[in-house]
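User: Let's work through this model in short questions. Keep the answers brisk.

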Amino acid sequence: MNTRSSRPDVISGQALNQPRSLTAFRAMKLLVSGYVALSVLTLVAVYLLRRDPGLVNDAVWIRGGIVAFTSVLMLVFVVGTARGRRRAYLRLRIASGLMVVAIAVLISIPGFLPMWMRIEQGVCGVLLVGIVMIANGRYLRSLFATR
């Protein structure tokens with residue numbers, strides 16, 4: 001049976017424009033913007049360092065591309081969340097948590113990434129932890145809760 005829920009897919013504008021909501025959305029947008037900027041700068045660095053196999057290997061190219069792509073996805077999820085879209089909020093919570101775990105695993109594998117990229121990934125992880133903390137905080141969870 002295919003039944004639709006009675007809850008709206010979008011949160012009301014009044015709830016979204018509360019000071020706490022605006023502060024949370026602003027903070028997440030800043031964090032994810034830093035993540036996007038760092039990811040793009042990393043791709044530029046990878047390109048500039050491409051002739052040094054000690055600094056740039058295949059894993060660096062692949063990881064750099066994946067991180068840049070996922071950073072843009074995170075931006076889309078944050079913008080959707082700020083517009084009150086429940087599915088964007090759910091995707092934000094899931095993706096940010098999974099990416100923090102993935103970063104922790106990848107930077108802990110000996111020899112997988114050069115030290116400079118491990119540091120860059122660590123910074124990305126810290127930015128994502130901020131997003132995870134805000135997105136999974138009591139206020140936003142209650143705002144997007146299904147009633």
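User: What does Tyr47 count as at 45% relative accessibility?
Analyst: Buried means under 20% relative accessible area and exposed means over 50%, with partly exposed in between (1.4 Å probe, protein chains only). The value for Tyr47 is 45%, so Tyr47 counts as partly exposed.

User: Which pLDDT do local features need?
Analyst: Residues are numbered from 1 along each chain as its sequence is written, and side-chain values use heavy atoms, with hydrogens and water left out. This is a predicted model: totals for chains, interfaces and linings use all residues, side-chain atom pairs count only at pLDDT 80 or more, and local features need pLDDT of at least 70.

User: How many helices and strands does the chain have?
Analyst: Helices (H or I, at least four residues) and strands (E, at least two) are DSSP runs, numbered from the N terminus. Along the sequence the pattern reads α-α-α-α-α-α. The count is six helices and zero strands.

User: What does the C-alpha trace span along its principal axes, and what share of the residues is buried?
Analyst: The C-alpha trace spans about 55 × 40 × 20 Å. The chain has 147 residues, and the buried share is 37%.

User: What share of the accessible surface belongs to carbon and sulfur atoms?
Analyst: Accessible areas come from the Shrake-Rupley method with a 1.4 Å probe; for residues, only the protein chains shown count as cover. The chain total is about 8,700 Å². Carbon and sulfur atoms hold 66%.

User: Where is Leu49 found, and what is its relative accessible area?
Analyst: Leu49 is found in the loop between H2 and H3. Leu49 is partly exposed, so it passes as neither buried nor exposed; its relative accessible area is 31%.

User: Which residues is Leu49 in contact with, leaving aside its neighbours within four places in sequence?
Analyst: Contact means heavy atoms within 4.5 Å. Pro114 is 65 residues away from Leu49 in sequence, and their C-alpha atoms are 12 Å apart. Beyond four places in sequence, the contacts of Leu49 are Leu55 and Val56.

User: Why does Ser21 count as buried?
Analyst: Ser21 is found in helix H2, residues 19-48. Beyond four places in sequence, Ser21 is in contact with Ala15, Leu16, Tyr139 and Leu143. Ser21 counts as buried because its relative accessibility is 0%.

User: How far apart are the C-alpha atoms of Met28 and Ile134?
Analyst: Met28 lies in helix H2 and counts as buried at 0% relative accessibility. Its contacts beyond four places in sequence include Val78, Leu92, Ile131 and Ile134. Met28 and Ile134 are 106 residues apart along the chain, and their C-alpha atoms are separated by 7.2 Å.

User: What is the relative accessibility of Phe77?
Analyst: Phe77 lies in helix H3. Beyond four places in sequence, Phe77 is in contact with Ala88, Arg91, Leu92 and Ala95. Phe77 counts as buried, so its value falls under the cut-off: 14%.

User: Which residues gather in a patch of positive charge on the surface?
Analyst: Lys and Arg count as positive and Asp and Glu as negative; His and the chain ends are not counted. One member, Arg83, is found in the loop between helix H3 (58-82) and helix H4 (86-108). The patch is made by Arg26, Lys29, Arg83 and Arg85.

User: How far apart are the mean positions of the positive and negative charges?
Analyst: The place of a charge is taken as NZ of Lys, CZ of Arg, CG of Asp or CD of Glu. The chain carries 18 positive and 4 negative charges. Their mean positions are apart by 19 Å.

Notes
Patches are made of residues with over 30% relative accessible area and no salt bridge: like charges are joined within 9 Å, nonpolar side chains (Val, Leu, Ile, Met, Phe, Trp, Tyr) within 5 Å. A salt bridge is a side-chain nitrogen of Lys or Arg within 4 Å of a carboxyl oxygen of Asp or Glu.
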